[in-house]
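Biologist: I have not looked at this one before. Can you take me through it, one piece at a time?

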Amino acid sequence: MIENIEIDMLLEAIYRFYGYDFRNYTRPFIQRRIVQRVKKENLTSISALQEKILRDPIVMSKLFSDFSINVTEMFRDPSFFKFFRTNLIPVVRDYSEIRIWHVGCSTGEEVYSMAILLQEEGLFEKTKIYATDINKSVLEKAKKGTFSLADMQQYTKNYLLAGGTRAFSEYYKVVADQVVFPPALKKNVVFAEHNLVTDSSFHEFDIIICRNVLIYFNKCLQNDVHQLLYESLSLSGFLGLGKREGIRFTSYGTCYEEFNSTERLYRKFK
Amino acid sequence: MKFRAKLYTSTGSIVVLISICVIILMNMLEQSMVNTDVVVTDKYERINMASTIKYETVNIARELREISVSQSNETLESSIYALEESNININRAIESLERIDSKGKTDGLVAKYKVLHESYLAVAQQVIAIKKIDSKAAIQPQLLNDSKLTGERMLQLAELLRGLQEQEMKNELYRSRDTYHWAVSTIYFYLAICLCLGLGFMIWIIRGMTKNLNHVTTVMKSVTNSSPDDLPRIEIFSKDEIGAIAAAFNKMVSELEAHSKLEKQLIEEAGERSWLKSKIAEILAMYPKAKDVQMLAELFISKLVPMVGACNGVFYIKTVEENEQYLKKIAAYAFFNQNKEFQCFRMGEGLIGQCALEKQPIFLNQVPDNYIKIRSGMGEASPKNIIIFPIQNEDDVLAVIEIASFESFSPSQIKLLEEVIPTTGITLKSILNHMKAERLLQESQSLTEELQAQSEELQLQQEELRTTNEQLEEQYAASVLKKEELEKVREQLEEKAQQLEVSSQYKSEFLANMSHELRTPLNSLLILAQILSENGEGNLTEKQKEYVRTIYSSGNDLLHLINDVLDLAKVESGKLEVIHRIVDLHGVKDYIMKQFSPIAYKKGIQFIVQVEPDVPPSFYTDEQRLQQILKNLLSNAFKFTESGSVSLIIRKVMKETDRQVIFVNNHIECMLAFSVIDTGIGIPREEQETIFDAFKQADGTTSRKYGGTGLGLSICREIAYLLGGFIKLTSEAGEGSNFTLYLPYDQVIKPKEVTTYIKEASAGLENEHYSTEFTNKMDDEDRRIKQLGKSSLKNKKVLIVDDDIRNVYALTIALEKYEMEILVADNGREGIEILQSNPDIDIILMDIMMPEMDGFEAIRTIRSIPEFISLPIIALTAKAMKHSREECLDAGATDYISKPLNLDQLFSLMHVWLYRKEG
């Protein structure tokens with residue numbers, strides 16, 4: 001009970017002072033992250049954390065990092081990319097320009113995956129990918145295009161499962177325990193900071209990929225974001241959600257038809 | 001009189017009249033015919049007789065004359081015969097005339113004629129008798145005259161007789177004409193009477209009939225205008241057929257009236273039913289709009305209340321709170337009572353509760369005035385009738401509605417309620433179920449999402465933990481390594497010491513010579529030269545002093561050279577130090593001029609040193625190293641230039657303006673470029689990359705012709721690199737070459753970091769992404785290996801299975817640089833044998849197209865051995881073979897790389913698959 005009030009106050013304080021609005025994130029998630037931060041900071045209460053956060057921006061940035069979960073993979077859920085390649089690409093192949101918004105791109109693994117996929121399909125030249133995230137530091141990482149060597153085995157498997165047509169090793173170079181992807185892959189990619197909660201739509205897109213972003217938001221915010229996505233999506237544009245997400249119970253559920261229900265790909269039709 | 005009788009009498013009388021007429025006519029005709037007959041037969045006969053008499057009389061006379069004059073017997077005989085015949089005819093005619101006509105006149109004439117005739121005949125007899133005696137006797141004329149007179153009188157009489165007969169006939173004819181005229185007029189008379197009578201009948205009958213018929217039709221016509229309930233009747237005047245029609249019509253009209261009454265009744269019933277049905281349909285149509293119970297209740301109550309003519313209604317839904325059932329008001333129609341008491345009822349509480357308990361509707365009539373009030377803006381009044389209805393589904397009360405009305409409820413309204421409410425029950429239930437399902441689904445969806453969030457969080461935490469763990473491990477490993485290294489170093493030192501003592505005698509001697517034997521005398525030489533140049537005793541000529549100075553500076557150079565040789569070793573081992581300080585560019589220029597002018601002069605080559613005006617006078621770098629590089633480049637230039645010029649141009653390069661120059665560090669804005677340009681033999685394009693490699697020269701024969709170790713450029717490049725710059729070469733064979741040293745200007749030198757390499761690597765990827773040429777990269781690799789010190793490939797055991805010996809050779813060379821242990825097999829079978837005898841192999845590079853046992857089969861066989869299920873196997877596929885890639889993966893290859901091999905790609909790949917295999 002007290003904890004709840006404390007969390008409310010903390011989130012309000014963050015919003016008022018730093019401008020980040022976490023008030024509509026799912027409560028259990030926020031609670032877990034805050035409690036964890038309290039422990040890590042060797043504090044006794046959330047109120048104590050609040051004081052620290054208001055006084056010390058470094059703690060804030062730590063908590064901010066706690067709130068942004070950057071779990072991603074290259075070709076995450078390979079079947080999604082496979083389906084994207086085999087069923088969605090033919091639909092957009094003849095577009096004069098393809099605009100993709102990658103919402104919550106995190107460290108960019110999926111953005112690079114998409115770039116590789118589009119390059120292999122010969123569409124990268126006419127594609128523009130807008131990769132956005134709330135977290136500036138992960139965007140910096142994404143811009144670098146260097147990933148940990150440790151995950152590459154998994155990524156290679158994903159690449160193969162996602163129907164890659166070349167050898168994955170053609171795309172990277174190992175430097176120490178890092179893997180570098182060629183800058184050519186980010187040629188048509190714009191990395192930008194964008195906050196789904198407070199920022200508005202900035203373009204009209206043919207495809208919006210918003211995977212495993214909305215799971216951290218409560219129903220109300222989910223609906224708001226869905227409105228934003230809906231408004232940013234062109235008619236008969238595609239919306240890709242995460243494996244465990246759904247659109248049915250959201251405010252814009254009726255505006256989309258299922259393009260593929262298992263891959264959570266939806267197409268706007270009105 | 002009946003219509004039939006009328007028709008019969010009228011037509012009958014006409015027939016009778018005509019018949020009478022005809023009979024009369026017939027009679028008259030008969031009469032006239034008899035008359036004519038008489039005329040024709042009787043009169044004609046008499047005339048005929050009279051004529052016969054006349055004729056025969058003439059004949060007698062003539063015959064008698066004949067007789068009297070006849071001379072012969074023969075003629076006498078024939079005449080007598082003829083005479084007698086005529087006599088007979090006359091007698092016969094007289095007889096018949098007497099018989100037919102007995103009239104006085106005729107009789108008198110006939111009698112006279114008879115007398116005369118007899119007298120005549122007597123005369124004739126006398127004549128005849130005379131003649132008979134003598135045929136030639138002459139007859140007395142007296143006698144002849146007598147006969148003649150008698151004959152003439154007889155003729156007169158016959159003529160009279162005939163005239164009398166003709167007169168009579170004429171009379172007869174006149175008589176018959178009169179009869180005919182009379183008959184014609186009689187006929188006309190009869191006809192006129194018949195016509196009058198017939199017309200009279202017709203008019204009488206037709207008038208009688210049309211009058212009745214008109215009456216009937218007028219009545220019948222008036223039927224269309226009169227209401228079906230009250231149709232006009234026909235008054236019956238006559239008992240004829242019209243009367244029957246009228247009677248039949250009257251009967252029909254009564255039937256129609258009865259029928260229309262029935263129909264009206266039926267229509268009313270049907271209307272009521274259809275009202276009921278349409279209202280039910282309206283309510284049913286409303287159900288799908290309802291998304292939840294609240295909406296349903298609101299829609300339902302707002303629809304139903306006006307439908308039954310009521311003006312107030314409340315909808316209570318059954319809810320369960322704390323194990324107790326309540327009926328809660330959720331929707332109302334024109335309800336005004338705000339009292340909390342009316343918001344909620346327990347089961348059995350009040351009429352609402354009672355109704356829910358009994359599951360029966362409750363009707364309240366004549367409720368008191370102050371029971372409830374229905375209000376509008378203009379006033380208020382109390383409804384008189386209230387119905388409370390339970391809404392059930394399968395005997396389970398889900399809700400209760402209460403409706404109030406000013407009017408009493410009509411049976412059809414109640415029927416509507418009875419019909420509608422069960423359907424509401426079903427819909428309500430289905431909506432409740434649907435909502436429940438929806439809620440559950442939504443819950444499950446949010447649970448899934450929560451789960452996903454948690455799993456991501458966990459993944460992140462796991463990642464963090466792993467990182468921490470790795471760091472710890474690394475630290476631990478590092479400390480262990482340090483320890484081991486220390487131990488090793490100690491051991492190595494011992495060993496080295498021994499080796500130095502035992503086996504590296506030569507090297508140590510060489511080093512000793514280098515360091516001691518060369519430097520010591522050189523140092524003394526330098527000191528002595530310095531002393532000499534000071535010319536303490538003043539006995540040296542200027543020229544001699546110059547010589548001494550040259551000795552000194554050359555010696556100094558030699559010392560530097562020796563140092564350089566040592567430097568190279570240091571560079572190679574990464575131990576070269578750079579000392580940055582302010583360098584005066586003019587000093588550099590003077591130094592270069594001083595150093596190379598004599599050579600230029602000697603070789604007859606033009607030597608130009610040019611400093612662009614925008615170049616700053618001084619900058620921050622290691623002067624010695626700069627000089628070293630320039631000296632090297634210039635001496636090379638002079639070495640390879642036979643004629644023409646050698647020039648050194650120093651200029652400033654801005655990042656914005658000079659795009660061609662690839663800036664290694666993005667944050668460096670400008671650099672100094674030292675271009676050494678010669679007009680010498682130049683370097684062929686294909687060798688431009690290799691000349692920077694250690695111990696390489698453009699041409700194998702170069703060393704013979706020009707001498708040199710081939711170390712210079714590689715040292716230069718390394719040094720340039722250490723100074724934060726680089727060397728670029730542009731050259732055409734036979735045209736001369738241009739080596740440009742780029743050095744950062746005004747830059748804070750930082751030790752090389754991994755990030756720089758990354759940038760370089762990515763730049764490299766961009767430029768040479770798909771280049772298959774790898775030799776040029778080898779240098780990079782070497783450096784990287786050295787600089788990073790650590791490689792996950794080191795000491796790893798790799799098995800190369802390939803039948804192409806050139807491939808194997810190239811791979812072996814490349815992989816040995818990473819200090820990998822290499823095993824080679826010629827084909828799949830051999831590969832498996834080697835693998836089985838060396839189960840500690842870390843990675844296999846497997847060619848696909850091989851004799852005896854190809855790559856697919858080999859991979860499959862290896863994968864069938866449980867021990868090697870997860871062993872990384874990299875398939876080397878031919879680029880042309882599109883399908884082999886899938887086959888490789890199907891066979892069980894971990895990854896693939898296409899030939900011809902890009903070694904960079906291969907190393908990256910091997911790094912990926914050998915990662916974490918260490919330790």
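Modeller: Let me start with two helices of chain B. α18(B) and α19(B) are roughly parallel to each other, because the angle between them is about 25° and angles under 35 degrees count as roughly parallel. Bear in mind throughout that this is a predicted model.

Biologist: How far apart are the axes of α18(B) and α19(B)?

Modeller: The axes are 9 Å apart, with α18 covering residues 828–837 of chain B and α19 covering residues 855–864 of chain B. The crossing of the two is right-handed.

Biologist: Which residues make that contact?

Modeller: α18(B) contributes Gly828(B), Gly831(B), Ile832(B) and Leu835(B). From α19(B) come Gly855(B), Glu857(B), Ala858(B), Thr861(B) and Ile862(B). Sorted by class, that contact of α18(B) with α19(B) has four nonpolar, four polar and one charged residues.

Biologist: OK. At what angle do α1 and α3 of chain B cross?

Modeller: Helix α1 (residues 3–69) of chain B and helix α3 (residues 104–133) of chain B cross at roughly 25°, and their axes come within 10 Å. That angle makes α1(B) roughly parallel to α3(B). Here the crossing is left-handed.

Biologist: And which residues touch there?

Modeller: On α1(B), the contact uses Ile60(B), Leu64(B), Ile67(B) and Ser68(B). On α3(B), it uses Tyr120(B), Ala124(B), Val127(B), Ile128(B) and Lys131(B). By class, the contact of α1(B) with α3(B) has seven nonpolar, one polar and one charged residues.

Biologist: Switching to chain A. In what order do the strands of the seven-stranded sheet run?

Modeller: The order is β6-β2-β1-β7-β8-β10-β9 in chain A, in an open sheet with mixed pairing. At the edges are β6 (189–193) and β9 (256–260) of chain A, each of which pairs on one side only. From one strand to the next, the twist averages 20°.

Biologist: How do β1 and β2 of chain A pair, parallel or antiparallel?

Modeller: Strand β1 (residues 98–103) of chain A and strand β2 (residues 127–133) of chain A pair in the parallel sense, over six bridges. If you want a pair to look at, Ile100(A) is opposite Ile129(A) in β2(A).

Biologist: Which strands does helix α6 of chain A touch?

Modeller: Helix α6 (residues 109–120) of chain A packs on the sheet and touches β1, β2 and β6 of chain A. The direction of α6 makes about 170° with that of β2(A). Helix α7 (residues 136–144) of chain A lies across β2 and β6 of chain A, and runs at about 165° to β6(A).

Biologist: What about the sheet of three strands in chain A, what is its order?

Modeller: That open sheet goes β3-β5-β4 in chain A, and the pairing is antiparallel. β3 (146–148) and β4 of chain A each have a single partner strand, so one side of each is left without a neighbour in the sheet. With direction ignored, neighbouring strands of this sheet are turned by 35° against each other on average.

Biologist: How many bridges join β3(A) to β5(A)?

Modeller: Three bridges join β3(A) to β5(A), and the two strands run antiparallel. In that pair, Phe147(A) is opposite Val179(A) in β5(A).

Biologist: New topic. How many residues does each chain give to the contact between A and B?

Modeller: The contact takes 36 residues from chain A and 36 residues from chain B. On the side of chain A that touches chain B, the elements that give two or more residues are α2 (27–40), α8 (152–161), β4 (173–175) and β5 (178–180) of chain A. Of these, α8(A) gives the most, with four residues. By class, this side of chain A has 21 nonpolar, ten polar and five charged residues.

Biologist: Is Asp77(A) buried or exposed?

Modeller: Asp77(A) is buried, with 21 other C-beta atoms within 10 Å. In chain B, phi of Glu322(B) is also positive and near 50°. Glu322(B) sits in the loop between β1 (312–321) and β2 (324–333) of chain B. Glu322(B) is exposed, with 5 other C-beta atoms within 10 Å.

Definitions and conventions:
Residues numbered from 1 in each chain as written. Chains lettered and ligands numbered in written order. Predicted model: local features only at pLDDT ≥ 70, side-chain atom pairs only at ≥ 80, totals over all residues. Contact = placed C-beta atoms within 7 Å. Nonpolar A, V, L, I, M, F, W, Y, C, P; charged D, E, K, R; others polar. Axes fitted to C-alpha atoms, helices over the stretch in contact; angles between N-to-C directions. Parallel < 35°, antiparallel > 145°, perpendicular 65-115°, else oblique. Left-handed = near helix turned anticlockwise from the far one by under 90°. Buried ≥ 20, exposed ≤ 12 C-beta atoms within 10 Å, placed from the backbone. Pairing = 2+ DSSP bridges.
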